[in-house]
Amino acid sequence: MNYPEELIFTPGPTGTDSRVRETMAASRVNPDADPSFPKFYQKTTEKLGKIIGTKNPVLILNGEGMLGLEASIASLVEPGEKVLCLANGPFGKGLADFVKNYGGQPILVEKSWQRPLQVEDVKKTLEDNPDISLATMVHCETPTGLLNPLEKICSFLAQKKIISIVDCVASLGGDPVEADKNGMDVVLGGSQKALSAPPGLSFLSLSDLAWEKIENRKEPYRGFYLNLKVWKDTWLKNQTFPYTQPAPDIEALSAACDLTLKSWPLVLENHRILAESVRASLLDNGFKLYPESHFASTVTAFLIPENINDLAFRNHLREKYLVQIGGSLGPLEGSVWRLGHMGYNSDAGRIFRALKTLDMAFKDFNITTNLAISFARELD
Ligand SMILES: *Cc1c(COP(=O)(O)O)cnc(C)c1O
């Protein structure tokens, strides 16, 4: 039987291109023994550097997105050290938890989840805490669909020589990051979001300032797997790896980078236009978007219509129409749905089909919508 392709419209992991999957399946290289592998790894990091917008070296770590977040906190934060943690969503708060876990003292600035972070919030906190040398923040808060305008905040922190650690996992490849231009020190990404590679890798770039801080810790971080200094002493110093690299995963990521870079930077414009049309279509049909402004181009979060049960509807959508959309996290679970129109899903045809199936599923629940047609009209 010829089943139609299942559409994975969750905001990461997303659907994956068959070329990415086939690259992974065809992998045969021994990453420990084949002299071509370090060269291939280096080339892949250069592709990622282009997407991040940095000349700094990039590392690929062998676990999904959270690994990069935890490794950067473990390697940079010293016991007792104050860290400015900006949070207007669950991932921002999670970074503050990591800081605490590694003995740091998070100075948490919590803001409304529906509004962007502001440089004024940073200035005020730094006046009260002049001894801060690190700051954490999230570019795209995936659970809320909000994209923080970090240009001003990161440039301001760079002027003050405060190291910024920025979670760009859900924006890289879909919204402009331009790390060097904006003065971002540590930029974190994951394979399974807007690059649409399978889950399993995180990657990060670190500035000279960040590396200096890691090298000059008063108290060394004792761990191995999360210790970025280990990578400095192996890969960055003499192109060897601290442990066996997952070659098939990295080959898939490299193929995914090629697809993103093929139409770079137009691919960002494509994400923006499609995301705008998705939002317009939802608004035309009486839905309410979760953020008040500063919408991400990779994910759209909107309120679940009253008297629809979250899980009952999403199970129906998946079982009858082979389409998965995302619920949300924490306090938004049960009241917010998310469409992950990033990477492989940033495609008018696939978005049309996802919206058309939503229309059909809503009809099964006695709600009339015309999301697909409105989307197509908005695009026109
Ligand atoms: C997905 C994501 C991560 C990583 O989480 P995973 O467990 O890899 O899904 C981190 N930060 C943000 C903002 C994300 O969207």
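Biologist: Why does the largest pocket lie between domain 1 and domain 2?
Modeller: Domain 1 (7-14 + 263-379) and domain 2 (19-261) both contribute residues to its lining, so the largest pocket lies between them. The domain bounds come from an automatic or database domain assignment. The model is predicted: local features need pLDDT of at least 70, side-chain atom pairs count only at pLDDT 80 or more, and totals for chains, interfaces and linings use all residues. Residues are numbered from 1 along each chain as its sequence is written, and side-chain values use heavy atoms, without hydrogens and water.

Biologist: What volume does the largest pocket have?
Modeller: The volume of the largest pocket is about 340 Å³. Leu259, Thr260, Val267, Gly343 and Tyr344 are the closest to its centre of the 19 residues that line it. On a 1 Å grid over the protein atoms alone, a pocket is an open set of points where a 1.4 Å probe fits, with protein on both sides within 12 Å along at least five of seven lines; lining residues have an atom within 4 Å of a point. Points are joined across faces, edges and corners, and a volume is the space filled by probe spheres set on them.

Biologist: Which helix gives the most to that lining?
Modeller: With four residues, α10 gives the most to the lining of the largest pocket. Helices are DSSP runs (H or I, at least four residues), numbered from the N terminus.

Biologist: And the second largest pocket: what is its volume?
Modeller: The second largest pocket has about 270 Å³. Of its 21 lining residues, Leu147, Glu151, Asp175, Pro176 and Ser297 are the closest to its centre. Here α11 gives the most, with five residues.

Terms used
Helices (H or I, at least four residues) and strands (E, at least two) are DSSP runs, numbered from the N terminus.
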